[in-house]
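Please consult the sequence and the structure shown here before reading the points below.

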Amino acid sequence: MSTLESAAVPRSFLAHGHRLGAWLTTLDHKRIAILYGLGITFFFVLGGAAATLIRLNLITPDGALLSAETYNKAFTFHGVIMVWFFLIPSIPATLGNFLIPLMIGARDVAFPRLNLTSWYLYMTGGLFTVAALLAGGVDTGWTFYVPFSTLFSSSQVLLAVIGVFVSGFSSILTGLNFIVTIHSLRTPGMSWYRLPLFVWAMYAVSLVMVLATPVLAMTLALIGLERGLGVGIFDPALGGDPLLFQHLFWFYSHPAVYIMILPAMGVVSEIIACFARRRVFGYRFMTYSMLAIAVIGFLVWGHHMFVSGQSVYASLVFSLLSFVVAVPSAIKVFNWTATLRKGDITFEAPMLYALGFVGLFMLGGLTGLMLAAPALDIPLHDTYFVIAHFHYVMVGGSVMAYLGGIHFWWPKLTGKRYPESWARFAAILMFFGFNLTFFPQYILGYEGMPRRYHAYLPAFQPLNVLSSGGASILAIAYLLPLGYLLWSLRHGAAAGDNPWGARGLEWQTSSPPPQENFTHPPQVREAYDYEAPPP
Amino acid sequence: MLLPEASSIAPRIDALFWSMTLLCAAVAVAVFVALIVYAVRYRRGSNADRRGRLNQDLAVELTWILVPFALFVAAFIWSLTIFTFAHTPPADARTVYVIARQWMWKVEHPEGQREINTLHVPLGMPVRLAMTSQDVIHSFYVPAFRLKQDVLPGRYTQLWFVPTRLGSFPLLCAQYCGLDHASMGGEIIVMPPAGFARWLAGHAGAGSLAARGAQLFRSHGCSGCHDPKSAIHAPDLTGLYGTTVHLADGRTVVADERYLHDCIVLPAGQLVAGYPPVMPSFSGQLSEEELLALIAYIKSLAAAGPSRGAP
């Protein structure tokens, strides 16, 4: 290895040791971000393979490709992997880890060793879950509903539950690390209301991770106790209550939806401000709305239980609160739109992803309003309408934002430019492929196709074929970035320190940044100070 | 529209569904138009007027907080009226029992007829389903009725409807329940009242559900204690159904199907004030069908005796 060092260009963090051992013992937040990036890409491919099997099977009404048993295991694996091993860590653990210290002008996160520990916990949890697959798979659905999961399933429930349990601690520790980092390591001059909205989003999401994830750990432990030792918690035959499980599960899993979407909102705010060349409209309201989502998001879990047998009064209260939590999301969509007004807009790939996010997230959110009305949830619950709704939010929303963020900060992370026209093509293809896959599912749901069906009524076939066709376009659109981003590592043009002319502190250091992040203290100004020339 | 509206609640739910769909579509179109217009007008290099750029505006923010909120509250209230209607079965509804198990629906009519994966109902008359599960959670879903209710082990949930169309409508299980979840289906057959009466007569089984319950009441020894002439101090069950019961732990409960079910399988948790805890649990000795027959018998006693206990 030869490194050309000069006083002007500091050695990049990528040049500090190339051996595997150096990577596996690194305490550098930027390298840990890359470790996470490799992990979640691996799990995204696994979860995507399961999704491919699901969509292939649903091309014919009799589900000819897979047996019912294999199909049930495929959608369970898809859900478990995509929720806990892709979506939840995706933006926080990769972009969050890489960017928070850079954006606040710090050298690293507050607890670098804890940060590395988090990655090991995440990978250990992931390996347990993959082991559950190799040992025969799990057939409970990602929701692990009792008493099916505790008494009736003969699949590898315990292994999968242990995997999710362990990875949960990775979330908790990451959240803790971010909260302390944002409170205590901001560079002088970086006051709270000068923070980029991405950091605010990371702060809000960290609060949710720290407060909600322990409840998941507890719930999964109780499944283990009932399944393994026969302790009666949820099983009515043992004096337990199956609805108690649903309350505990959704107490975590609804806030978990906000763990997936808040970071996406942060990423999109950065991108839209940069490519509209202006300050985000209503900055303060954007921060308040993120905190409001984080707090109110804890009070709406019962909207998953409108037809479960929950009391009518509880359902009505949860319904009202679910309408209330939609208000801050609406504020954000309107503010992003207003940010474009009187801007100086260009349409590089990150901006295309961000605009796609706004549209798809809005459609997901609006259909969420319909599901928040218990009268509509009666027919729509557990149908493909719900599947379409949350895929619009999580795939159309979170995944689009994640990829937008990866493209936006790719030059900073690697020092290389990705091929712009390929990237634009992929973003547009993804938008169309996504809509073709998931919009038909809204109609299927209204017409009465339940979720988790290995075979279905022949009348539903045309829309299912359309959806599977869209999914194949979507698959190509996801494979493209994997290809050209890897290509750019070797062949991409040098990026320069600030290729987008962006204003965050991360753009004031070299690309890729040196191990200590900044060789000179960064110059702190108002966030999104696009009216002034770059520092 | 592909999906028929075959119950009295279906048009009400559809009215809300299409109103909200329209509203959401209007919002979505407005935002998409704004995004596209701004993106084109303010693209780099355009000569649009960019003076007077606003970075924040309290009035604008408050407008797009309060207007959506008001619309949400309106939707909430509309949905509330339908949802409470859906949970208020009329008193004269015909009660039919449904027992779900992996992977079939079993139906017990009050007159004693039994069906599997089909449910015959009369047109235009309210039907109330009292449902329980023998194993995992299932969900009784009839898309054409726009109705769905989870069916749980260890408790009764209910669902009611007035069928408004003749014909056969698919019944599906909506809650994932294991291997053959997708094939746990059946049909609801809506018949004219006269035809339904003929169907009932043609499928009469071994006596009504309550009569089977009466047999079980004797054969399992319930009558030994609960008969009014018994020497053992046990609550009299005549006229019990539907009344308010005071429990030994201070709670008051309504003696509905769920209460009677729990009294039989978990008597220690439902002790009536003033009575000794002498009743053994019948958990595991009676199937869900037998429990339903016993409950139907106890309900039939309500009509016979004077009501009591209700404040």
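Helices are DSSP runs of type H or I with at least four residues, and they are numbered from the N terminus. In these terms, B:Ser7 is placed in the segment before H1 of chain B. The model is predicted, and the points below are grouped by topic.

**Surroundings of B:Ser7**

- B:Ser7 has a relative accessible area of 1% and is therefore buried.
- Leaving aside residues up to four places away in sequence, B:Ser7 touches B:Ala144, B:Phe145, B:Phe161, B:Val162, B:Pro163 and B:Thr164.

**Packing of H7 and H9 in chain A**

- Two packed helices are described by the angle between their axes and the distance between the axes.
- In chain A, helix H7 (residues 197–229) packs against helix H9 (residues 283–296) at an angle of about 15°, and their axes are 9 Å apart.
- H7(A) is therefore roughly parallel to H9(A), because angles under 35 degrees are classed in this way.
- The crossing in which H7(A) passes H9(A) is right-handed.
- On the H7(A) side, the contact involves A:Leu197, A:Trp200, A:Ala201, A:Tyr203, A:Ala204 and A:Val208; on the H9(A) side, A:Tyr283, A:Met286, A:Thr287, A:Met290, A:Leu291 and A:Ala294 take part.
- By class, this contact of H7(A) with H9(A) comprises 11 nonpolar residues, one polar residue and no charged residues.

**Packing of H8 and H11 in chain A**

- Helix H8 (residues 242–275) and helix H11 (residues 349–372), both of chain A, cross at roughly 130°, with their axes coming within 9 Å.
- This angle makes H8(A) oblique to H11(A).
- H8(A) passes H11(A) in a crossing that is left-handed.
- H8(A) contributes A:Ile261, A:Ala264, A:Met265, A:Val268, A:Ile271, A:Ile272 and A:Phe275 to the contact, while H11(A) contributes A:Pro350, A:Met351, A:Ala354, A:Phe357, A:Val358 and A:Phe361.
- The contact of H8(A) with H11(A) holds 13 nonpolar residues, with no polar and no charged ones.

**Salt bridges within a chain**

- Side chains of opposite charge can pair when their charged atoms come close.
- Over all chains, the count comes to 20 salt bridges.
- One of them joins the side chains of A:Lys73 and A:Glu69, at 3.1 Å from N to O.
- Both A:Lys73 and A:Glu69 belong to helix H3 (residues 68–104) of chain A, where they are four residues apart, about one turn of the helix.
- A:Lys73 counts as buried because its relative accessibility is 19%, under the cut-off of 20%; A:Glu69, at 41%, counts as partly exposed.
- In chain B, the side chains of B:Glu108 and B:Arg114 form a salt bridge at 3.4 Å, N to O.
- B:Glu108 is buried, with a relative accessible area of 3%, whereas B:Arg114 is exposed, with a relative accessible area of 54%.

**Salt bridges involving chains A and B**

- The side chains of A:Glu531 and B:Arg53 meet in a salt bridge of 2.9 Å, N to O.
- A:Glu531 is in the segment after helix H15 (461–491) of chain A, and B:Arg53 is in the loop between helix H1 (10–41) and helix H2 (58–86) of chain B, so this pair joins two chains.
- A:Glu531 is partly exposed, at 47% relative accessibility, and B:Arg53 is also partly exposed, at 25%.
- A network of salt bridges links A:Asp344, B:Arg44 and B:Arg50.

Terms used:
Residues are numbered from 1 along each chain as its sequence is written. Chains are lettered from A and ligands numbered from 1 in the order in which they are written. This is a predicted model: local features need pLDDT of at least 70, side-chain atom pairs count only at pLDDT 80 or more; totals for chains, interfaces and linings use all residues. Side-chain values use heavy atoms; hydrogens and water are left out. Axes are lines fitted to C-alpha atoms, for helices over the stretch in contact, and angles run from 0 to 180 degrees between N-to-C directions. Angles under 35 degrees count as roughly parallel, over 145 as roughly antiparallel, 65 to 115 as roughly perpendicular and the rest as oblique. A crossing is left-handed if the near helix is turned anticlockwise from the far one by less than a right angle, and right-handed if clockwise. Contact means heavy atoms within 4.5 Å. Ala, Val, Leu, Ile, Met, Phe, Trp, Tyr, Cys and Pro count as nonpolar, Asp, Glu, Lys and Arg as charged, and the others, Gly among them, as polar. A salt bridge is a side-chain nitrogen of Lys or Arg within 4 Å of a carboxyl oxygen of Asp or Glu. Buried means under 20% relative accessible area, exposed over 50%, partly exposed in between (1.4 Å probe, protein chains only).
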